[in-house]
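This report examines a model with its sequence and coordinates at hand. Please consult the display below while reading.

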Amino acid sequence: MSPVLTASTQGSESAIRSAPALSCRDVRVSFRDQEVVCGVNLELDTGQWLGIIGPNGAGKSTFLRSIVGLADYSGAIALGDGRTPGAADVALVPQAPIMPKGMTVAEYVLLGRTAHLGWLARESRADREIASSVLNRLELTAFADRFVSTLSGGEAQQVVVARALAQQCPVLLLDEPTSALDLGHQVSVLELVDDLRRTEGLSVLAAMHDLSAAARFADRLILIDHGRIVAEGRPAAVLQPDLLSAVYGTPLTVQPIDGELVVLPEPRRRAKPPKEAP
Amino acid sequence: MADASLPTTALPDADAAHSAVRRAFGMSIGAAVVGVVVLVAVGLFSATSGAAGLPVKGVLGALFDWVPLIGVDSSLSTTQENILFEIRLPRLVLGMLVGGSLGVAGASYQGVFRNPLADPYLLGVSAGAGFGAVLALGFGLDLSWGPFDTVPAAAFAGALVAVLASMAIARGGGASPATLLLGGVAMAALFSAAQTYAIQQLNETRAREVLSWLFGQLNTTGWKQVGILLPYVVVCGVVLFIHRRHLDVLRVGDDEARSLGLDPARSRLVVIVAASLLTAAAVSVSGLIAFVGLVVPHIVRLLISHSYRVIVPLSALVGATFLAFVDIGARTLLAPSELPVGVITAFVGAPFFAVVLWRDRWSTT
């Protein structure tokens, strides 16, 4: 029994909007007759951070993959100018990126230029300058000659973000970017993306597991369950304890702490220890 | 906030990042220069050694004299010049082309399959090409129009069937590196059996000829074989050189490669066809020469870089040097009789293969 509630969004957003950076209309993805994304509609405004939340298997990753053409979909996915997005328009930071053995950080970041290369697949001087300025921007210069396979989780995630930036796409997709990181690195990666959004004017669409982080960083949230959007709007509107508890299948509370929303599991009622079998 | 444990760097950050990117982009010019010098040295050593010893100075003189617009008095006699230009040099050049081709083909297969153990021989490509070539050679289909010949075409058909079948087997059994090689083993066994059967149907002299070719020999009649191989080397070499960066993108996996803007299926198809054609052309002039495609890219990886940007071109250079060097042994070790060069490369390559297997077993678990 899945609740189909829609948190009220009317009136909370400005009536005049610029052209969306990305819009999706009735996007559906099926694997072997099983529909895993069932008609998702969304609009990502320029400069906005839109968070996609929902339990494992809700279809968040599949939806993001369909945007970059990694999953066959029906429906329409279009950029502001109506084109279907390509690798020069939308950059994906994957959930579990492959770190090839023996590849340096600089080589890895240069891979981001793939979509911009000509027929001879040779980087121009401009491509190299973009890669080095990205390395500088993310303060990765000291790592540039290190092998990516030897980086720690936090360093690796920064390098993947650097590669995505080198793609020079107006839209950045993040697929659970912090799932493998400790708390400190989670915050620093998300703050990095937030900074870039403000300074470079990126639009961000991020599938997120950490609901408190989603509340802090996203302008709007979309809650997906079983491939359908069940709630949409500002974080405060979407993060309702009853709704979340129903969707995630466990009692959750939402606490305001210092003006920010924090989502926590409800304290567990301890069961009595089972009696020993006779 | 100053950190005492961090040394202060003399270079500004921007320069450091830039030079790192340049290194990543660069082709290892130094390594290429060293490679060329070693290749020339091995070439000279090869040209001067053999039953009829030729003096180094004379060989150099004759070579410079041959270059248009340069007149140098060659100190070689007419017989010596004939030996140099009609026997030694064609064989040397053929050895270099075959070695370079197998090295580049091996590097390309390794990149495309993301499998450091891929090699034309181990994938069954050589066996497939060999079967095709045996059919063409043994059954009177050896026709030619100008520089084009049916043998490479038949070899190419066999090579392509073998590599596609190995791929199909691997896809059915999951994408582990070992599965692909096992598919290759199956294909190699099948094609070798077919080859043996085909050779049995030939008369004795023809069978002996075909067998001696099959063992992997750099036998030449003047410049004919070089002429057959050269067009394939040029065309496939250019295609693979252009696609070397695609191989680097494929290292992050098909999904990420596609999200970066590469079409993995298209790149893979182009590279497999070009590498198979190159292998087939090499096999059709020199028979089955094992392990060059495995050993050579590994040496480059070990010494210089893991980037295919570097591995592909340097494998051509190192492969050419390797086979030219090994062929000196093939010609002189058992003089006056000759050892098939494929026998020596197998003696070197099989233990190398074993060591790579043994080492990777430890590093992956």
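## Basis and overall make-up

The model is predicted rather than taken from experiment. Chain A has 8 helices and 11 strands, while chain B has 15 helices and 2 strands.

Chain A comprises 278 residues, of which 43% are buried. In chain B, which has 365 residues, the buried share is 48%.

## Dimensions and contact range

The C-alpha atoms of chain A occupy a box of roughly 70 × 50 × 45 Å along the principal axes. A compact globule of 278 residues would have a radius of gyration near 19 Å, so the 20 Å of chain A agrees with that expectation.

For chain A, of the contacts between residues at least 6 apart in sequence, 70% link residues at least 24 apart. For chain B, where contacts with a separation of 6 or more are considered, residues 24 or more positions apart account for 74%.

## The interface between the chains

On the chain A side, 33 residues are in contact with 28 residues of chain B. Helix H2 (105–110) and helix H3 (125–137) of chain A each supply at least two residues of the side that touches chain B. The greatest contribution to this side of chain A comes from H3(A), with 5 residues.

Sorted by class, the side of chain A that touches chain B holds 19 nonpolar, 9 polar and 5 charged residues.

## Packing of H4 against H5 in chain A

Helix H4 (residues 153–166) and helix H5 (residues 183–200) of chain A pack at an angle of about 15 degrees, and their axes are 10 Å apart. H4(A) and H5(A) are therefore roughly parallel to each other, since angles under 35 degrees fall in that class. The crossing of H4(A) past H5(A) is right-handed.

From H4(A), the contact draws on A:Gly153, A:Gly154, A:Gln157, A:Gln158, A:Val161 and A:Leu165. H5(A) contributes A:His185, A:Val189, A:Leu192, A:Val193 and A:Leu196. By class, this contact of H4(A) with H5(A) has 6 nonpolar, 5 polar and no charged residues.

## Packing of H3 against H4 in chain A

The axes of H3(A) and H4(A) come within 9 Å and cross at roughly 140 degrees. That angle makes H3(A) oblique to H4(A). This crossing is likewise described as right-handed.

On H3(A), the residues A:Ile130, A:Ala131, A:Val134 and A:Leu135 meet A:Ala162, A:Leu165 and A:Ala166 on H4(A). The contact of H3(A) with H4(A) has 7 nonpolar, no polar and no charged residues. A:Leu165 of H4(A) takes part in this contact and in the contact with H5(A).

## B:Phe131 in chain B

B:Phe131 is part of helix H5 (residues 125–138) of chain B. B:Phe131 counts as buried because 29 C-beta neighbours lie inside 10 Å, the threshold for burial being 20 or more.

Leaving aside residues up to four places away in sequence, B:Phe131 touches B:Gly158, B:Phe191, B:Ala194 and B:Gln195. B:Pro152 lies 21 residues from B:Phe131 along the chain, and the C-alpha atoms of these two residues are separated by 11 Å.

Methods
Residues numbered from 1 in each chain as written. Chains lettered and ligands numbered in written order. Predicted model: local features only at pLDDT ≥ 70, side-chain atom pairs only at ≥ 80, totals over all residues. Axes fitted to C-alpha atoms, helices over the stretch in contact; angles between N-to-C directions. Helix = DSSP H or I, 4+ residues; strand = E, 2+ residues; numbered from the N terminus. Parallel < 35°, antiparallel > 145°, perpendicular 65-115°, else oblique. Left-handed = near helix turned anticlockwise from the far one by under 90°. Contact = placed C-beta atoms within 7 Å. Nonpolar A, V, L, I, M, F, W, Y, C, P; charged D, E, K, R; others polar. Rg over C-alpha atoms; globule rule 2.2 N^0.38 Å. Buried ≥ 20, exposed ≤ 12 C-beta atoms within 10 Å, placed from the backbone.
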